[in-house]
Amino acid sequence: MIPVWVQRLPAIWIAFVPGLDPRMPPGATVLSIADAKTMVQNGQISFDVANAWAHGAAVEFADDAPPEVRAVAGRLRLLLPEASRPHLAEIGTRFGVPRIATAMAVHATPPSVAALAQELAEPHPDGVPRLSPEARLLRALTGL
Amino acid sequence: MVLSLGTETDVWNAARITAAWGARRDVESVEVVGWDLTHDACALLPGASVVHDLPLSGLRIRAQRHPLAAAIALKGAIEGILAGQSFDAVLNMTYGGLAGHLAPMFTRDPHCVVGPFVDETGQWRASHPAFEYLATWGIDPALNVFALQDVWSAGALVRTDEAGLIAPDPVADTLVEHGCGAGPTPVLVAPTRASEAWLGFGWEALVSSLAHSGGRPVMLVAPKGEEELVERISDRTGADVARWPLRHTAALIKRCGAVLTSDFGTAVLAARTGVRQVLLRPQGPIPLAALPGPHILTMSGAKRPLHLDAVLTHAAWYLLQQNGLESHLHSAGDGLAVHEIGYDNGGCLGASPVSNAEADPAASTLKAWRQVWRDAWVGLPPARRAIDHLLKYGDSNRLGRARLDRGPVGQALRKASQRREAAA
């Protein structure tokens, strides 16, 4: 998983000087500290960050990062689940799991895989709910 | 397609089936889906043309972080395997929720799933009575009378005594030739730390005595997680250690043709290469469900720990084929449980005691159990003679459970019991 990397340098420096910070994982979604602060203050995050988070990425920073970076990264970690909800439907549609994403967007905090699988069961005239492909996918994950 | 999401030994239970399916003219290709951790084991399966991996730890981490993340990753993995097509038949060889739900996703028609699977209402289904048997009787040594691989083969409509041997990699074979040199091929020993608690001797003593008296050098192979033990034994005895990848180890086992181990995983791998082996076991009943394969001599101390001399004598007789030891074998059988694993008349794996010249009543009872269940799986009524034998000699634990069976075996047992009671 490629992390969201909070960097104390401005994003434009990173864009123009590749390899500036060798500790940064290749392919990471990079956020400057200013961008991270804006997201934390507004409660709105970019699609790229929401997408990275929905793919399981964690918010990371360098081991020797100053307290300011640590603080803003910590707040971003807490904020991400809720702030990315508006993007979830879009992300889910793009990757072929729209119903899971829509069901997730209703929850204030990420529900468990098992709870989500229950919600996605399709009603049937005979009264026994049927497993949709997305519900089956989630049920399969409960068996990990 | 064969779905095997378990350990390496579970994967090798599929060997007979992949070999048989791969040899069929109407089968275009046999593809295996396993974990990334079992890729090497899956790659050894005979008849398999493609091996796909599911990322176990990656999926687990994603599932903990975010349900959507895990769902997207799993869906991507499934689409990568399917590549826009679907499989004509899916054999699910895992009794887990993940595989049970995934199996129908690889085919258009759920009726094409062989093995256990979860249907669209969320209920477990079995494609063959053999899998219902497996679900009911499980792997409990006190109840199950079949080796797991026999049940899977029967359910997949493959002969239970099909060899399904691992095909040696030609490159690995050349490596083995160089590694073993021009001298006699070594006897392979795969020790485990856990066995030191119940063996009556140290592995060092066994390795040095075997190398001294056997006429063949001893080479050590480290089972998973036993590298330190093997290094210690090697330091003290001077025996060589084969530190090779799995496919090379399989080729090495095949070339050497003799394995002495207390590790079940090594025993299964050796069984799949078709070589003779001695398997040292702790005390207790032989777990029939876990029988690794034929050509195995199992030894355990029935009442006391195994003695070094007894193990050396049996190893010399069984592995090194040294003659003139039969009389000693019979006398050395005191307090020992020594069984040879092979196929019975019905083509199923069973264990029979080697020091017993007369017919063993326990072995014949197990054979009768296997016969009535196998008959039931193919729709034949249970043989009356076998039922009578079971009621007379059968273990009360197995009889009690089997009487509750709703199928023909339970019915026949209940009827025969009533008949006996009426006659009494």
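Guide: One definition to start: two strands pair if DSSP finds at least two bridges between them. Also keep in mind that this is a predicted model.

Visitor: What is the strand order in the open sheet of eight strands in chain B?

Guide: The pairing in this sheet is mixed. Its edge strands, each pairing on one side only, are β10 (240-242) and β15 (349-353) of chain B. Neighbouring strands are turned by 25 degrees against each other on average, direction ignored. The order is β10-β9-β8-β11-β12-β13-β14-β15.

Visitor: At what angle to β12(B) does helix α14 of chain B run?

Guide: Helix α14(B) spans residues 308-318. It lies across β11 (258-261), β12 (276-280), β13 and β14 of chain B. Against β12(B), its angle is about 165 degrees.

Visitor: Where does B:His295 lie?

Guide: B:His295 has a positive phi, near 60 degrees, in a residue other than glycine. It has 16 other C-beta atoms within 10 Å, so B:His295 is partly exposed. Its place is the loop between β12 and β13 of chain B.

Visitor: Is B:Leu157 buried or partly exposed?

Guide: B:Leu157 is in the loop between α8 (148-155) and α9 (170-180) of chain B. Its phi is positive, about 60 degrees, although B:Leu157 is not a glycine. A buried residue needs 20 or more other C-beta atoms within 10 Å. B:Leu157 has 13, so it counts as partly exposed.

Visitor: How many residues of strand β2 of chain B are buried?

Guide: Strand β2(B) covers residues 31-35. Two bridges join it to β1 (residues 2-3) of chain B, running parallel. Five bridges join β2(B) to β3 (residues 50-54) of chain B, also parallel. Of the five residues in β2(B), the buried ones number four.

Visitor: Which residue of β2(B) is the bridge partner of B:Leu3?

Guide: B:Trp35 stands opposite B:Leu54 in β3(B). For B:Leu3, the bridge partner in β2(B) is B:Val33.

Visitor: What radius of gyration does chain B have?

Guide: Chain B has 19 helices and 15 strands. Its C-alpha trace spans about 65 × 65 × 45 Å along the principal axes. A compact globule of 424 residues would have a radius near 22 Å. Chain B agrees with that, at 23 Å.

Visitor: What share of the residues in chain B is buried?

Guide: Take contacts in chain B between residues at least 6 apart in sequence: 58% join residues at least 24 apart. Of the 424 residues in chain B, the buried share is 44%.

Visitor: Which pattern does chain A follow along the sequence?

Guide: Chain A has eight helices and three strands. Of its 144 residues, 34% count as buried. Read along the sequence, the pattern is β-α-β-α-α-β-α-α-α-α-α.

Visitor: Which helix of chain B gives the most to the side that touches chain A?

Guide: 24 residues of chain B are in contact with 28 residues of chain A. Helices α4 (56-65), α5 (67-82) and α6 (97-102) of chain B each supply at least two residues of that side. By class, the side has 13 nonpolar, six polar and five charged residues. With eight residues, the helix that gives the most is α5(B).

Visitor: Which residues of chain B are in contact with A:Arg139?

Guide: A:Arg139 sits in helix α8 (residues 133-142) of chain A. It has 24 other C-beta atoms within 10 Å, so A:Arg139 is buried. Beyond neighbours within four places in sequence, its contacts in chain A are A:Ala117 and A:Leu131. In chain B, they are B:Gly97 and B:His101.

Visitor: Where in chain A is confidence lowest?

Guide: Chain A averages a pLDDT of 81, and 83% of the residues score at least 70. Over residues 10-18 of chain A the pLDDT is below 50. Confidence is highest in α8(A), at 92. The lowest mean, 46, belongs to residues 11-16, helix α1 of chain A.

Technical notes. Residues are numbered from 1 along each chain as its sequence is written. Chains are lettered from A and ligands numbered from 1 in the order in which they are written. This is a predicted model: local features need pLDDT of at least 70, side-chain atom pairs count only at pLDDT 80 or more; totals for chains, interfaces and linings use all residues. A residue is buried if 20 or more other C-beta atoms lie within 10 Å of its own, exposed if 12 or fewer, and partly exposed in between; C-beta atoms are placed from the backbone. Two residues are in contact if their C-beta atoms, placed from the backbone, lie within 7 Å. Ala, Val, Leu, Ile, Met, Phe, Trp, Tyr, Cys and Pro count as nonpolar, Asp, Glu, Lys and Arg as charged, and the others, Gly among them, as polar. Axes are lines fitted to C-alpha atoms, for helices over the stretch in contact, and angles run from 0 to 180 degrees between N-to-C directions. pLDDT is the predictor's confidence in each residue, from 0 to 100. The radius of gyration is taken over C-alpha atoms; the globule rule is 2.2 Å times the number of residues to the power 0.38.
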